Amino acid sequence: MKKIWAVIVTYNPDINRLKDNIEAIVKQVCGVVVVDNASNNVNDIIDIINKLKNENSYDINVIYNDCNKGIASALNIGIKTAYENKNADWIITLDQDTVVYDNIIKIYKEFYFSPYYNNSIVSFSCLRKDRNYNEKNNSFIDEKGNNDYEFVKCCITSGNLINVSAWEKINGFDDKLFIDMVDDDFCIRLRINNYKIVRINKYGFLHELGDSVKKVKLFGREKVVIFCNSMRKYYLARNTTYIVKKYKLGFNSEYNKYLFKRITGTILFEKNKVKGLKAYIKGIRDSKKLICTK
């Protein structure tokens with residue numbers, strides 16, 4: 001773990017939050033690559049990054065895409081840049097609204113240099129807290145595990161420390177996915193190639209969920225329901241169905257069950273049920289297009 005870089009993907013970010021994001025991670029890594037997906041406030045992004053560089057001599061590199069290429073493509077562009085131009089061997093990937101704690105890289109390094117690490121472990125994750133969490137609104141929060149660390153099947157992209165050689169071997173993130181299920185697809189391919197993903201059971205960053213997460217009561221039992229807009233419903237359905245078909249996971253796969261749960265939540269708890277269901281149906285249908293394209 002010689003050269004660790006950070007890659008942050010932006011699209012119309014909150015500028016103050018992005019500033020906090022960059023300042024929190026840049027002190028812990030060799031440098032940062034920001035990949036912007038044609039934000040409307042790109043001039044504000046330029047201003048804040050130039051200010052950070054001029055005041056602190058941080059190594060911050062910015063790539064401006066001429067259109068929104070999606071999360072997967074932007075991550076690939078950023079990682080490739082850090083790898084080819086800066087000789088990065090590990091990359092921590094971050095959403096634009098993620099703010100890491102000042103010891104997240106230390107947490108990962110402690111495990112890397114411990115007796116528990118071996119070369120098959122190529123992806124590190126940790127626990128996250130929802131920045132909107134409080135006991136009153138019952139927002140989502142990661143729960144601590146019983147052990148100091150555990151091997152997991154999947155982890156979210158934000159806060160994920162990735163071995164660049166493994167990223168290169170499995171051909172990076174799947175550009176077709178744009179948004180949603182980008183992390184799941186990547187982790188599936190890591191496991192197919194006999195790589196391992198470890199989650200260290202320490203809190204490493206604040207994260208704001210793009211969806212609205214609420215707890216509701218159904219038949220006397222408390223359930224967690226996730227609400228999102230129609231665009232996210234479309235990509236969730238399209239990409240989930242694509243992953244099931246791509247890896248031949250079968251009708252009863254955990255991904256189909258998750259999608260069914262989300263659709264059920266829309267039917268039972270959302271006001272605009274028809275619009276939501278149309279988005280899900282269109283996404284499922286359009287998954288065929290992803291399968292057919294190379």
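Contact means heavy atoms within 4.5 Å, and this criterion applies to every view below. The structure is a predicted model, in which local features need pLDDT of at least 70 and side-chain atom pairs count only at pLDDT 80 or more, while totals for chains, interfaces and linings use all residues. Residues are numbered from 1 along each chain as its sequence is written, and side-chain values use heavy atoms, with hydrogens and water left out.

View 1. Helices (H or I, at least four residues) and strands (E, at least two) are DSSP runs, numbered from the N terminus. Lys-144 touches Leu-127, Asn-201 and Tyr-203, residues up to four places away in sequence not being counted. With a relative accessibility of 54%, Lys-144 counts as exposed; the classes are buried under 20% relative accessible area, exposed over 50% and partly exposed in between (1.4 Å probe, protein chains only). From C-alpha to C-alpha, Lys-144 and Ile-200 are 9.3 Å apart in space and 56 residues apart in sequence.

**View 2. Packing of helix H7 (residues 230-246) with helix H9 (residues 273-292).** The two helices pack at an angle of about 40°, and their axes are 7 Å apart. That makes H7 oblique to H9. Axes are lines fitted to C-alpha atoms, for helices over the stretch in contact, and angles run from 0 to 180 degrees between N-to-C directions. Angles under 35 degrees count as roughly parallel, over 145 as roughly antiparallel, 65 to 115 as roughly perpendicular and the rest as oblique. H7 and H9 cross in a right-handed sense; a crossing is right-handed if the near helix is turned clockwise from the far one by less than a right angle, and left-handed if anticlockwise. Among the H7 residues that meet H9 are Tyr-234, Leu-236, Arg-238 and Tyr-242, and the H9 residues in this contact include Ala-279, Tyr-280, Gly-283 and Ser-287. The residues of the contact of H7 with H9 comprise nine nonpolar, six polar and eight charged. In this classification Ala, Val, Leu, Ile, Met, Phe, Trp, Tyr, Cys and Pro count as nonpolar, Asp, Glu, Lys and Arg as charged, and the others, Gly among them, as polar.

**View 3. Packing of helix H1 (residues 15-26) with helix H2 (residues 42-56).** The angle between H1 and H2 is about 35°, with the axes 10 Å apart. Their crossing is right-handed. H1 contributes Ile-15, Leu-18, Lys-19, Ile-22 and Glu-23 to the contact, and H2 contributes Asp-44, Ile-45, Ile-48, Ile-49 and Leu-52. By class, these are seven nonpolar, no polar and three charged residues. Ile-15 of H1 touches Asn-41, Asp-44, Ile-45 and Ile-48, leaving out residues up to four places away in sequence.

**View 4. Ser-39 in the loop between E2 and H2.** Ser-39 is buried, its relative accessible area being 6%. Apart from neighbours within four places in sequence, Ser-39 is in contact with Thr-10, Tyr-11, Asn-12, Pro-13 and Ile-45. The C-alpha atoms of Ser-39 and Asn-12 are separated by 4.6 Å, although these residues are 27 residues apart along the chain.

**View 5. Helix H3 (residues 70-86) and the residue that follows.** H3 has 17 residues and reaches 23 Å from its first C-alpha to its last, close to the 24 Å expected at 1.5 Å a residue; the expected span is 1.5 Å times one less than the number of residues. Buried residues in H3 include Ala-72, Leu-75, Gly-78 and Ile-79. The buried residues of H3 pack against strands E1 (4-10), E2 (31-36), E3 (60-64) and E4 (90-94), and against helices H5 (164-169) and H6 (182-192). Asn-87 follows H3 and lies in the loop between H3 and E4. Phi of Asn-87 is near 60°, a positive value in a residue other than glycine. At 52% relative accessibility, Asn-87 counts as exposed.

**View 6. Asp-185 in helix H6, shown with Asp-180 in the loop between H5 and H6.** Asp-185 is buried, with a relative accessible area of 0%. Asp-185 touches Asp-174, Leu-177, Ile-243, Lys-246 and Tyr-247, not counting residues up to four places away in sequence. Asp-180 is buried as well, with a relative accessible area of 16%. Phi of Asp-180 is positive, near 75°, in a residue other than glycine.
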